[in-house]
Amino acid sequence: TLLPGLEPFSEPSGLINADIRAIEVYNGDLYVGGYGLDLPYSSRAVWDGVSWSGIGDTTTAGLVNALAVVGDYLYMGGTTIAVDNVGSTLYNFVRWNLSTNEFDTTLTDANGEVKAFAVSGTDLIIGGSFTEIGGLTASYIAKYNGGIFSTLGSGLNNTCRALTVYN
């Protein structure tokens, strides 16, 4: 078996030499992020149970460390992740609109690599090697509620590589 909710699908193939760093399941589709995917899909792809497809411009390499779904958006964290629909390069923190299948270019980037996500309700907790994200000074960790970035206390003393939510 793969993951709960993917039982009816055949086993995904084509990622033999991939460095997969993130997996997210949404509406029965399996999203993967990483580096060197053994497909023509660069650093991000989606498996619909039958075949793989790319997410956005599939010519940009980059690295995806983290994936998370909040609302109608698939958030991706890493380095040089994508090129949007109008040719602007997006870097470390981007989101893909799952309804329109386009990158949202309104987000302000992080000034360092994004390495981890955790979802708490409708908030996205973001960790990495950044000291600024969304125009906000934040030491390696921040919260995004879909419209506003905020700090979490005084932040961390060094790079954040993993996150989870504890209630």
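**In which strand is A118 found?** A118 is found in strand β11. Strands here are DSSP runs of E, at least two residues long, numbered from the N terminus; helices are runs of H or I of at least four residues. This is a predicted model, in which local features need pLDDT of at least 70, side-chain atom pairs count only at pLDDT 80 or more, and totals for chains, interfaces and linings use all residues. Residues are numbered from 1 along each chain as its sequence is written, and side-chain values use heavy atoms, with hydrogens and water left out.

**View 1. The whole chain has 0 helices and 16 strands.** Of its 167 residues, 44% are buried. Buried means under 20% relative accessible area, exposed means over 50%, and partly exposed lies in between (1.4 Å probe, protein chains only).

**View 2. A118 counts as buried because its relative accessibility is 7%.** Leaving out residues up to four places away in sequence, A118 touches D123, L124, I125, L163, T164 and V165. A contact means heavy atoms within 4.5 Å. A118 and V165 sit 47 residues apart in sequence, yet their C-alpha atoms are 6.3 Å apart.

**View 3. The largest nonpolar core holds 17 residues.** Such a core is a set of buried Ala, Val, Leu, Ile, Met, Phe, Trp, Tyr and Cys residues, joined through side-chain atoms within 4.5 Å. Y75, F93, F117, L124, I126, F130 and I133 touch the most other members. Two or more residues come from each of β5 (63-70), β11 (114-120), β12 (123-128) and β15 (141-144). β5 gives the largest share, 3 residues. Another core, of 13 residues, lies apart from this one; A22, I55, V64 and V69 are among its members. In soluble globular proteins, nonpolar side chains tend to be buried together.

**View 4. L124 has contacts with residues including A68, V70, Y75 and F93.** Its list also takes in F117, A118, V119, A142, K143 and Y144, again without residues up to four places away in sequence.

**View 5. β5 and β6 form a hairpin with 2 residues between them.** In the turn, G71 has a positive phi of about 65°. The two strands run antiparallel, joined by 7 bridges. Strands count as paired if DSSP finds at least two bridges between them. V69 has L74 of β6 as its bridge partner.

**View 6. Strand β6 (residues 73-79) is largely enclosed by the rest of the structure, because 5 of its 7 residues are buried.** β6 also pairs with strand β9 (residues 93-97), in the antiparallel sense, over 5 bridges. Here Y75 has R95 of β9 as its bridge partner.
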